[in-house]
Amino acid sequence: MTGLRLAVIGGGLGGVAAALAAADAGATVTLTAAEPMVGGQITAQATSPLDEHPLVETTGAPGSYHEMRRRLRAAYGGLANPGDGWVSRLCFEPDVGRQVLEDMLAEHVASGRLRVLLDREPVAARTTTDAAGRAVVEAVELAGPGGVREVVTADTFVDATELGDLLPLVGADWVIGSEGSEAFGEPHALPGGPDPLAEQSCTWVAGLTLREDPGPVGGPPRGYARHVTGQPFGLDIPGWDGTLHRYAMFGEGPTGNPPFWTYRRVRAGALLGGQDAVVLNWAGNDYAATGLVADRERTLRGARDLTLGFVHWLRTEAPRDDGGRGYPELALDPGVTGTADGLAHAPYVRESRRLASGRPVTELDLAVRGSSERAVAMPDSLGTAWYHADLHPRVGHPQSVYAPTAPFQVPARALVPEAGRGPVNLVAGAKNLAATQVAAAAYRVHPGEWSVGEAAGVLAVQADADGRTPTETATSTAGVRRAQERLLARGTPLVWTRDVPADHPAFAAVNRCVLRGGVVGERARTLDLRPDQGLDEAERAAIAHALGLGRLPEGSTWGDAVLSAQPAHPEQARHHQPDLQEPA
C-alpha cells in the first residue's frame, strides 16, 4: 500500500492505465479527462479498432491491456472480432470501449481510491521549488462546464493529455514536429534542422451506417470545392511500396484489396444482427493543413469540415461498385459516436508535445538490426511496445512514412524530464514521452500508449515508496529495478519473448535475467528464449554474472538457472552492477 496522492491529467488509454496501476497499489488517484468520457482513442476519438503488433494475442503488452481486450470480447459474447474489420484483430464500437474501461475502474471508484473528473481541461498550474532548488508541481487548475474552475493538488502528476498540455503549464521543456535529420541521424526525420510546425495530421473520425432511407443528401459543406480536388477525395491510397492501392466500396478492389467499407467496421451486422457500422478514418479525411498545437482552433474547424466533405463525396461522387456515382444510402450515425452529428467528440490525435531531451528514444533505437529480432536493449525498461514508425502527412510535408521497427521497450528515462528541464514530480503518461517524432510515431498506437501509461503509474508509486521523486527513481538503477518488480507482478512483460508468456513459471525470472544482460548468443537475437533447453558455457557464465550467482552446474536449463535466482520479495531485487546515481 502507498500513501501517494496522484493526479493523472488526461483520460485517454495512457491515463486509464496509469490510474489503474496506481490505484491497484493503493494510491489515491484523481483522473481527469477533457472529454465527456475516459478512453481517448477508443471512445471520444472513435478510433476503436485496435492498431496492434502481430504478437498481441499472447505477449508484448501489459496484463491489464490483455484484460481490457478480454472484456471487450466478452461484451460481445466472446466474438473475436465483433466488427469483422480488416484493419485489426479486434474492432468494436466506441461505446462498448467506454463501458469496459468504466467497469475496469469501477472497483477503485467505489472504494474511494479513484475520483474521475470528466469535461475538465487543464488551463493553469502552480509550481514551486523544493529544498534542493528543483521545480515541483503543486497544483493544476482545470476548467469545466459552464466556466467552473477546480484545482487539483497531488504529490505527483502524470501528463496523459492528448497533446501534452501539461508540459507548458508546468514549465517543462518540450518539442513538437520534426527534430530534423541533423539532430540524431534518423533516416526518416525531415531533412536538415528542426521544423516545429511539421506536426502530424489529425483526423476527425465519423460514424457511418447504411440506411434504406437516409434522407436528402443536401448541399456540399464548407470548403468542399477546395477539398474534393486538393485532398483529394478518393477510395484509392498510394501504398508504402510506391504502388497505388485501389479499393471498391463493398467488393474486392481492382488490385485485390479488401473492401473500403469493412476497413474499420466496428459492428458487423452479419455477426450481431442489424446494420453494419463503421468509423471513417481514411486518407480522405486525414487533415494536415495546420497543426493542433500550433493552430488549435483553425485545425479543429478544418478537420471537421474535411470529414463532412469526405462524407458528402462518398454519398454523391464515389464510384459505385455497380456503376454510377455516389452512395446516398450512407449516413452519419450518432449512435456510433455518441454525438448529435455522428462525428467523434474529439479529433484522433497522432502527435503530442514531447519531453525535450538530449537523449530521446530515436528511430535508431527501434530499428531492425541485421539478423536480430530485437530492437536496442533498454535495461531500464518499464514495458514493451511494437508498431512501425507510422508518420501520416506532416504540415507542409505531404509524404507519409512507414518505417519498420523491431520489438522495442519503454525506457524509464523517457518518462521524466531531464535534470533542470522540468518538475521532478512530473511523469509522461501518453504520447508525450521523450522520443523523437519518428520514434513517437511507433509508440502512439493503442497498446503502446497503454504501456507508457501503466509505466508512468507504477513509476509514481515506486518513487513514493522510495521516498524520492519520480525523476530520481527513474534515473536510479535500484529504483528502476524495484519498479520493474512491481510491473512483473502485474503480468507486464519488460522484454520480448515468444515462448515465456506471463503465465509461465519462469516469466519474472526470465525478464529479470534478460534485462540484466544474462542472454548471449542466439538467444540474444531471437524472441524464442527456449527456457527448457540446456545452456552452453558462455550462457551459464552470462546468467551467473547478471544475477550474481555462483558457477552454474552443467546440464542446467535456462529456465532452471534463472528461477534459482528469483527473489522472494521485490525489495530483494537488486542489480549487481554499479548504480546509475546512487548505491542500491
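Student: Helix axes here are lines fitted to C-alpha atoms over the stretch in contact, with angles from 0 to 180 degrees between N-to-C directions. At roughly what angle do the axes of H14 and H15 cross?

Tutor: First, this is a predicted model. The H14 and H15 axes cross at roughly 150 degrees and come within 10 Å.

Student: Which label does that give H14 and H15?

Tutor: Angles over 145 degrees count as roughly antiparallel. H14 and H15 are therefore roughly antiparallel to each other.

Student: Is the crossing of H14 and H15 left-handed or right-handed?

Tutor: The crossing of H14 and H15 is right-handed.

Student: Which residues in H14 and H15 meet?

Tutor: H14 supplies Arg 481, Gln 484, Glu 485 and Leu 488. They meet Phe 507, Ala 508, Asn 511, Arg 512 and Leu 515 in H15. By class, this H14 contact with H15 holds four nonpolar, two polar and three charged residues.

Student: Stay on H15. How many residues of H15 are buried?

Tutor: Nine of the nine, over residues 507-515, so H15 is largely enclosed by the rest of the structure.

Student: Which residues other than glycine have a positive phi?

Tutor: Ala 46 is one, with phi near 55 degrees. Asp 119 is another, with phi near 55 degrees.

Student: Where is Ala 46 found? Buried or exposed?

Tutor: Ala 46 sits in the loop between E2 and H2. Its relative accessibility is 0%, so Ala 46 counts as buried.

Student: Where is Asp 119 found, and what is its relative accessible area?

Tutor: Asp 119 is in the loop between strand E3 (114-117) and E4. Its relative accessible area is 33%, so Asp 119 is partly exposed.

Student: Where is the cis peptide bond between Gln 231 and Pro 232, and what is omega?

Tutor: Omega is about -15 degrees for that bond. As for place, Pro 232 lies in the loop between helix H6 (224-230) and strand E11 (237-238).

Student: New topic: cores. How many residues has the largest nonpolar core?

Tutor: The largest nonpolar core has 111 residues. Met 68, Tyr 443, Trp 450 and Trp 558 have the most contacts inside it. Helix H1 (residues 13-24) gives the most to this core, with nine residues. Apart from it lies another core, of 42 residues, among them Leu 210, Val 228, Met 249 and Ala 344.

Student: What is Trp 450 in contact with, leaving aside neighbours within four places in sequence?

Tutor: Its partners include Leu 13, Val 16, Ala 17 and Leu 20. Among the others are Pro 62, Tyr 65, Met 68, Leu 101 and Met 104.

Student: Met 68 again. Which residues does H2 use to meet H3?

Tutor: H2 uses Ser 64, Glu 67, Met 68, Arg 71 and Leu 72. H3 answers with Val 96, Gly 97, Val 100, Leu 101, Asp 103 and Met 104. The residues of this H2 contact with H3 divide into six nonpolar, two polar and three charged.

Student: At roughly what angle do the axes of H2 and H3 cross?

Tutor: Helix H2 (residues 63-74) and helix H3 (residues 94-111) cross at roughly 130 degrees, with axes that come within 10 Å. That makes H2 oblique to H3. The H2 and H3 crossing is right-handed.

Student: Back to the loop between E2 and H2. Is Val 38 buried or exposed?

Tutor: Val 38 lies in that loop. At 3% relative accessibility, Val 38 counts as buried. Leaving out residues up to four places away in sequence, Val 38 touches Gly 11, Val 16, Leu 31, Thr 43, Leu 101, Leu 105, Val 116 and Leu 118.

Student: Last one: is Ala 132 buried or exposed?

Tutor: At 59% relative accessibility, Ala 132 counts as exposed. Ala 132 lies in the loop between strand E4 (121-129) and strand E5 (135-143).

Technical notes: Residues numbered from 1 in each chain as written. Predicted model: local features only at pLDDT ≥ 70, side-chain atom pairs only at ≥ 80, totals over all residues. Heavy atoms only, no water. Buried < 20%, exposed > 50% of the residue type's maximum accessible area, 1.4 Å probe, protein only. Helix = DSSP H or I, 4+ residues; strand = E, 2+ residues; numbered from the N terminus. Core = buried A, V, L, I, M, F, W, Y, C linked by side-chain atoms within 4.5 Å. Contact = heavy atoms within 4.5 Å. Parallel < 35°, antiparallel > 145°, perpendicular 65-115°, else oblique. Left-handed = near helix turned anticlockwise from the far one by under 90°. Nonpolar A, V, L, I, M, F, W, Y, C, P; charged D, E, K, R; others polar.
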